[in-house]
Structure formats: structure tokens, C-alpha cells
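The sequence and the model are shown first, and the description follows.

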Amino acid sequence: MTGHFDVLIVGGGAAGLMCALTAGQRGKRVLVVEHANRVGKKILMSGGGRCNFTNTGTTPANFLSANPHFCKSALARFTPWHFIDMVERHGIAYHEKELGQLFCDVSSKLIVKMLVDECHAAGVRIETSCSVERMTHGESEDAAFRLHTTHGNFAAPALVVASGGLSIPSMGATGFGYELAKQFGHAVLPTRAGLVPLTLSGKHQERLADLSGVALPVTARCNGRAFSNYMLVTHRGLSGPAILQISSYWQPGDDLRLDLLPQHDALQALQDWQRERPAAELKTVLGDAMPKRFAQRLCELWLPNRPMKQYNMPQLREMAQVLSDWSLVASGTEGYRTAEVTLGGVDTDELSSSTMQSRRVPGLYFIGEVIDVTGWLGGYNFQWAWASGHAAGNAV
Ligand code: FDA
């Protein structure tokens with residue numbers, strides 16, 4: 001099979017589908033090449049099957065990138081409200097969970113169906129289970145890009161790389177976009193797993209492993225960033241939203257600190273407890289402010305456990321320091337196997353921030369997670385996929 005199109009899009013994920021429907025609505029002949037057996041697999045598994053499809057509080061400050069300004073233009077031109085409009089037009093019920101995070105009431109399948117329906121209505125062709133074997137460039141202006149695939153050869157004057165990052169290889173993630181970018185002379189910034197559980201090793205792991213499943217609110221701090229939310233102890237280390245968020249700012253060797261009493265001024269709380277419950281032991285009063293098993297472990301290994309009345313002021317100060325600035329030595333992350341996103345990627349320096357087009361190769365575009373733009377946890381990554389896909393879809 002051969003075919004000629006206006007736009008070839010490699011990757012039928014969030015960004016690729018948004019780009020396809022946008023370009024299709026402009027009358028462009030669009031082909032999406034997806035090597036998995038269905039499109040939008042990460043959308044399907046996202047948000048625990050309910051897809052946290054955007055965040056109404058999205059600002060450029062919610063993204064990590066070597067160039068923090070790059071995401072501004074696309075995010076400003078396709079806002080969460082544009083996506084919400086589409087969701088409402090398709091009658092998909094949704095709710096706000098917390099902090100502007102919007103989730104489907106029923107299933108993330110509805111988001112994939114909406115995108116595919118919009119693609120079909122716009123005449124977009126989607127080839128699934130279709131692998132790119134080779135790509136050639138420069139044959140003619142009309143067929144500047146030719147994809148040799150398992151389903152035939154397809155040519156177009158524009159090629160959009162929407163192949164995503166490296167996280168969850170079992171869902172179809174590949175390094176295709178990075179390799180292609182390098183082939184065309186683009187710099188690719190080092191990639192690493194983001195929004196990922198942290199692992200502990202040696203005595204750090206032994207001290208906490210049997211608390212697996214215990215969750216508590218913390219403020220996690222690293223490299224000048226702080227996130228307040230739940231932390232979950234796992235068999236291998238730590239997870240939960242506060243840890244996933246801070247993991248994107250953490251690298252091996254970095255100092256990671258946890259405030260274990262984020263709703264309290266720790267010293268004030270200890271003084272209050274001493275005054276109100278002088279005969280109670282520390283582990284008992286702490287156990288009313290955090291999960292009892294965690295409080296007990298703290299008092300076995302990190303804090304001296306006594307009746308509250310027996311502590312003097314310097315001791316209370318020391319304990320407050322431990323509770324509000326607990327040092328955690330993480331050994332690594334769980335890696336791409338469980339990471340929600342990939343940090344780093346195609347350097348934004350040689351891309352147009354308004355169109356996502358390469359400044360080196362006319363007609364070549366990069367969108368979504370393959371670019372060095374990574375959002376926080378909470379719907380920001382999909383918002384970037386929609387916004388960058390929309391920007392390219394309007395430019396191709
Ligand atoms: P995406 O990964 O969606 O799509 C890339 C597509 O390209 C895939 O379909 C892949 O199969 C295909 N592909 C790769 N190589 C190819 C090749 N060589 N040829 C053809 N096709 C190829 N974000 C958020 O905002 N809210 C959320 O709730 C979640 N939840 C979540 C849960 C889990 C478990 C994960 C792993 C991730 C999330 N995310 C998220 C992150 C979000 O899924 C991610 O940022 C976007 O899907 C990125 O969209 P892209 O289109 O760039 O890549």
C-alpha cells in the first residue's frame with residue numbers, strides 16, 4: 001500500500017491524536033501511524049482508569065524544562081477550557097478531585113473514544129499495529145518525508161513526531177522520537193524517569209519495608225521545591241503523590257527532606273502536647289497526629305520515646321527538627337517501568353514554541369512528551385500533550 005498525505009504523524013497517543021484532529025479539521029489529509037494495537041493506551045491507563053485529563057490551574061510554572069518559557073505560547077493558545085469544551089460537547093461527565101484536577105466520572109475510554117471520533121469526523125486515517133521500518137527525507141517538496149512501514153509507504157511534506165517518552169515500555173513506549181531527532185541533528189537532553197516512586201536500600205529500606213501500605217501527609221522538599229500531599233510506604237521505598245512530585249526534582253545524591261507534621265509547627269505541637277498530655281508517651285501523642293505504626297517506628301529508631309513531661313526544651317527542639325526536616329536517603333527510582341513521565345528529551349532550543357516545528361528541518365514537528373517539557377502530577381502532562389498537539393495541528 002502507498003499513500004500521499006499532507007501530514008504524517010508517528011504516535012497515536014494524546015498529542016498525536018489532538019494534532020491529527022486539529023489538522024484534519026483544517027482540511028488536511030492526515031495519517032496517524034501507531035505501532036501498538038490500539039491508540040491512546042496511556043490515556044486508558046491514566047488516572048486509575050479515569051484519566052486526569054487536565055488541570056484548571058495549569059500555568060507554565062507547573063512544567064520542568066531547560067527552557068521554562070518554551071511551553072508558554074502553546075499553553076496560552078489551547079487552555080484547559082478548550083479541552084473541557086470538547087469533553088462537554090461529547091457529553092462526558094467529569095468531576096474535580098482536588099487542586100483543579102479533572103477526572104472522568106466513568107472511564108478514560110470515553111476520552112480516547114472522543115479523540116478517535118473527532119479524528120474520524122475530520123477524515124483522519126489511523127493505522128494501528130503499524131511499525132515504521134525506515135524513514136527517508138528530501139525526495140521532493142511534496143514528499144519531503146517518506147515512512148516505510150509494515151503497512152506500506154506513506155509520503156507527506158510534513159512529519160509530526162508524537163511518539164512520547166520512555167515510561168512504561170510495556171505500553172508501547174520507544175526511543176523512536178529521540179533517535180529521529182538526533183538523525184536530523186537535533187540535540188536530545190538526557191532523559192530520566194519522572195513522577196516515579198523512589199527506592200530505598202540497605203538499612204533505610206529495612207527500617208520501613210514492613211510498614212508497606214502506610215500513608216501519611218508530608219511536605220517533601222528537594223532542590224528548592226516543596227510538595228505537600230500524601231506519602232505511601234512501599235515494599236521497595238516510597239511513593240504517593242508527594243513523593244512522585246518531588247521525584248522529578250530529585251537525582252541520586254540529592255538531599256531529600258520530609259516534614260512529617262505538615263499541618264503543624266512541630267515545636268509548637270510538641271510543647272502543646274507536653275502541656276496537655278504530660279503523662280502520655282511521645283509515640284502515643286504522635287500516633288494521634290500520624291499513622292500509629294509510623295509514629296511507633298519513628299520512636300523506635302529516630303526519636304527517644306518517653307512520657308512528654310520528661311523532655312526539656314533542647315530535647316523538644318531536637319525532636320521538632322527531626323519531625324519537620326526528616327532526612328531521607330533514597331537510593332534511586334523505580335525507573336521507566338513505573339514512571340508516569342520521561343524528563344528531558346528533544347531540546348526546545350531548535351523548535352518553534354508557537355508551532356513546534358524544527359528550526360533545522362522545515363516540515364518536521366515534535367509534540368507531547370518527546371519534547372523536553374514535563375508537567376507535574378495532576379493533569380498537566382495531558383494538557384501539554386493537547387496544547388502542543390493543537391499548536392502543531394494548526395501549523396502543518
Ligand atoms: P503517549 O505516550 O501518550 O503516546 C505516544 C504514542 O506513540 C504511543 O501510543 C506509542 O505506542 C506510540 N509510539 C511510540 N513509538 C512508536 C513508533 N516507533 N511507531 C509508532 N508509534 C509509536 N498525565 C496526566 O496529565 N494525567 C494523568 O492522569 C496521567 N496518568 C498517567 C498514568 C500512567 C500510568 C502513565 C504512564 C502516564 C500518565 N500520565 C498522565 C502522563 C501522560 O500519559 C503522558 O504525559 C501523555 O500520554 C504524553 O502524551 P504523548 O502523546 O506525548 O505520548
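## Overall make-up

Helices (H or I, at least four residues) and strands (E, at least two) are DSSP runs, numbered from the N terminus. By that count the protein chain has 13 helices and 23 strands. The model is predicted: local features need pLDDT of at least 70, side-chain atom pairs count only at pLDDT 80 or more, and totals for chains, interfaces and linings use all residues. Residues are numbered from 1 along each chain as its sequence is written.

The C-alpha trace of the protein chain spans about 85 × 40 × 35 Å along its principal axes. A residue is buried if 20 or more other C-beta atoms, placed from the backbone, lie within 10 Å of its own, exposed if 12 or fewer, and partly exposed in between. Of the 396 residues, 46% count as buried.

## Two domains

An automatic or database domain assignment supplies the domain bounds. Domain 1 covers 2-193 + 338-393, and domain 2 covers 198-333. Their centres, taken over C-alpha atoms, are 39 Å apart. The contact between them takes 7 residues from domain 1 and 5 residues from domain 2, where two residues are in contact if their C-beta atoms, placed from the backbone, lie within 7 Å.

## The nonpolar core

A nonpolar core is a set of buried Ala, Val, Leu, Ile, Met, Phe, Trp, Tyr and Cys residues joined through C-beta atoms within 7 Å. The largest one has 115 residues, and L8, I9 and V160 have the most contacts inside it. Each of domain 1 and domain 2 gives this core at least three residues.

Leaving out residues up to four places away in sequence, V160 touches V7, I9, C19, Y365, I367, A392 and V396.

## Around the ligand

The ligand is surrounded by 37 residues, of which G11, G13, G164, G172 and G368 are the closest; a residue counts here if its C-beta atom, placed from the backbone, lies within 6 Å of the ligand. Helix 1 (14-25), helix 2 (41-45) and helix 13 (380-393) each supply at least two residues of this shell. Helix 13 gives the most, with 4 residues.

## The loop at E281

E281 is in the loop between helix 9 (266-276) and helix 10 (282-287). E281 counts as partly exposed because it has 15 C-beta neighbours inside 10 Å. Apart from its neighbours within four places in sequence, E281 is in contact with N305, R306 and P307. K309 lies 28 residues from E281 along the chain, and their C-alpha atoms are separated by 8.7 Å.
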